Amino acid sequence: LIKLLVRKKTRRSPAKKKRGTGSKIINQVSIEKRPKHIDLREEIGHWEGDLIIGKDHGSAVGTLVERKSRYVFLAHLNRHTAQETRLSFTRKFKDVPPELRQSLTYDQGKEMSQHKLLSADLDMAVYFCDPRSPWQKGTVENTNGLIRQFLPKGSDLSGIPQEQLDEISHLLNTRPRKSLDYQTPRELYMKEFKHYHPHY
């Protein structure tokens, strides 16, 4: 029966908070300073981000997931440098109304070292998880597991165009979710989107 599961995992591991000895990312704001109401998923506009790494760490795809609706963007990266990541994420978020891009939570990956520029360009708060604590951004971690159905581990991601990534995100965004009372992420997200863009 395990083979029939979406994630194909036998059991959940208990979440344990781990603290490291610090990070090379300067001027970061800890997730502990993130407003507590974000944890409730009652307000849309709070995102989590991550990278899916390809074969031999030579390629990557950026993942951005909205916490309440589970709406996902996938971003093509030519290289997973800090500048490329910032520019790619900024391009994706430019299509999102300011009201729906209130915060981004990320891990300690050095690709987010230009977070201050990203925050300024998008007027968007950026928070960082504790070192080695991926469970603190569990929404994007779970979504990455779903994306791996389309982009298996060990794949070379460098040749995958943005158009194909958009097709994958569309499939995920139009898939009913039990956690959303069998609504799709797109239904929830577009409901809020059209509130700010009624003529869309």
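Predicted model: local features only at pLDDT ≥ 70, side-chain atom pairs only at ≥ 80, totals over all residues.
A salt bridge, as I use the term today, is a side-chain nitrogen of Lys or Arg within 4 Å of a carboxyl oxygen of Asp or Glu. With that in hand, let me begin with Glu48 and Arg67, which form such a bridge with their closest N and O atoms 2.7 Å apart. Glu48 lies in strand 1 (residues 46-53) and Arg67 in the loop between strand 2 (60-66) and strand 3 (72-76), so the pair ties together parts that are 19 residues apart in sequence. Both Glu48 and Arg67 are buried, where buried means under 20% relative accessible area, exposed means over 50%, and partly exposed covers what lies in between, with a 1.4 Å probe and protein chains only.

Residues are numbered from 1 along each chain as its sequence is written, and side-chain values use heavy atoms, with hydrogens and water left out.

Now to the overall layout. The protein chain has five helices and five strands, both taken as DSSP runs numbered from the N terminus, with at least four residues of H or I for a helix and at least two of E for a strand. Along the sequence the pattern reads β-β-β-α-β-α-β-α-α-α, and of the 200 residues in the protein chain, 44% are buried.

As a reminder, strands of a sheet pair through backbone hydrogen bonds, either parallel or antiparallel. Here, strand 2 and strand 3 pair in the antiparallel sense over five bridges, and Leu64 has Phe73 in strand 3 as its bridge partner. Strand 1 and strand 4, on the other hand, pair in the parallel sense over three bridges, with His46 partnered by Ser103 in strand 4. Strand 4 also pairs with strand 5, in the parallel sense and over four bridges, and there Ser103 stands opposite Ala125. Strand 4 (residues 103-106) is covered on both faces, with Ser103 and Thr105 buried on one side and Leu104 and Tyr106 buried on the other.

Let me return to the charged pairs. Side chains of opposite charge can pair when their charged atoms come close, and in this model the count comes to seven salt bridges. Lys92 and Asp166 form one of them, with the closest N and O atoms 3.2 Å apart. That pair links distant parts of the chain, since Lys92 sits in helix 1 (residues 82-93) and Asp166 in helix 4 (residues 162-173), 74 residues apart. Lys92 counts as buried because its relative accessibility is 17%, while Asp166, at 34%, is partly exposed. Asp39 and Arg34 form another, at 2.7 Å between the closest N and O atoms; Arg34 is buried at 6% relative accessibility, and Asp39 is partly exposed at 43%. Asp50, Asp107, Lys137 and Glu141 are linked in a network of salt bridges.

On a 1 Å grid over the protein atoms alone, a cavity is a set of points where a 1.4 Å probe fits but cannot get out, and a pocket is an open set with protein on both sides within 12 Å along at least five of seven lines, lining residues having an atom within 4 Å of a point. The second largest pocket has a volume of about 250 Å³, a volume being the space filled by probe spheres set on the points, which are joined across faces, edges and corners. Which residues line the largest cavity? They are His37, Ile38, Arg41, Glu42, Glu43, His46 and Arg67, around about 30 Å³ of space.

Conventions. Pairing = 2+ DSSP bridges.
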